[in-house]
Amino acid sequence: MGTQTNWGKVKEHLNSDQSTEALRSRFRRISDPNMNRVIKERYEQYMGRDTLEKRVLAAVKRETPVSVLSKKLYVEDNDILLAVAKLQLQGYRGVQTYVKDGVAFVHNTKKMTATVRRDDFPSARRSYKPISFAVVSDTHIGSNQHAGDALQEFYDIVVGRGIDTVLHAGDITDGYYTNRPTSIFEQSEVGFTQQLRAVINNYPKRDGVVTYFITGKL
């Protein structure tokens, strides 16, 4: 009499949520050479039909270790990471790779990002109007190197182009460099009060033009 397999013990050993009948059927298929041949043929057809990106997308319905995916899809870990990058470029922003407890995972957290076009909304198409604004930064008012004439010319160009909004992205004044105390010798206005006064008195003003400053911390 042959030895019978205790499938309950197998289920416990594998910590599987499959039934004992499902486990028994699975192992029988694995041990059947004809079934292995069929699986191989189906796999080869599958490989030829879909790109690796599509196969990765289909396989990451839940959080999955990269190493598990690479074994499942018969590729290297780097191939999985490259496929994820390609999917992200194609618009699948939800497909992400991350490391948790030292293990690299792939997960698809949302569906493909939809591309919204203005032409999809007739009302928006009727009310569409181009928006123009100008951007300037690093004026460093208070520095000996401050190019006041160039800044005035910049605002003349803004007015000439019919732009009514200017965004100043920072470094309005030269400030004070705590790591370089000798910087005061490179300044025409020294200290917060003098540099602020220089901005108030000298910063370009044009009728109909509003400047929004990113002032940072005071």
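Reader: Why is valine 210 called partly exposed?

Author: Its relative accessible area is 41%. Buried means under 20%, exposed over 50%, and partly exposed in between (1.4 Å probe, protein chains only). Therefore valine 210 counts as partly exposed. This is a predicted model, where local features need pLDDT of at least 70, side-chain atom pairs count only at pLDDT 80 or more, and totals for chains, interfaces and linings use all residues. Residues are numbered from 1 along each chain as its sequence is written, and side-chain values use heavy atoms, without hydrogens and water.

Reader: What makes threonine 64 buried?

Author: Its relative accessibility is 11%. The limit for buried is under 20%, so threonine 64 qualifies. Threonine 64 sits in strand E1, residues 64-65.

Reader: How do you know what threonine 64 touches?

Author: Contact means heavy atoms within 4.5 Å. Leaving out residues up to four places away in sequence, threonine 64 touches Ala59, Leu69, Ala104, Phe105 and Val106.

Reader: What makes a set of residues a nonpolar core?

Author: Its members are buried Ala, Val, Leu, Ile, Met, Phe, Trp, Tyr and Cys residues, joined through side-chain atoms within 4.5 Å. The largest such core has 14 residues; Val56, Leu69, Leu73, Ile80, Val95 and Val106 touch the most other members. Helices H4 (52-59), H5 (66-72) and H6 (77-89) each supply at least two of its residues. A second, separate core has 13 residues, including Val136 and Tyr155.

Technical notes: Helix = DSSP H or I, 4+ residues; strand = E, 2+ residues; numbered from the N terminus.
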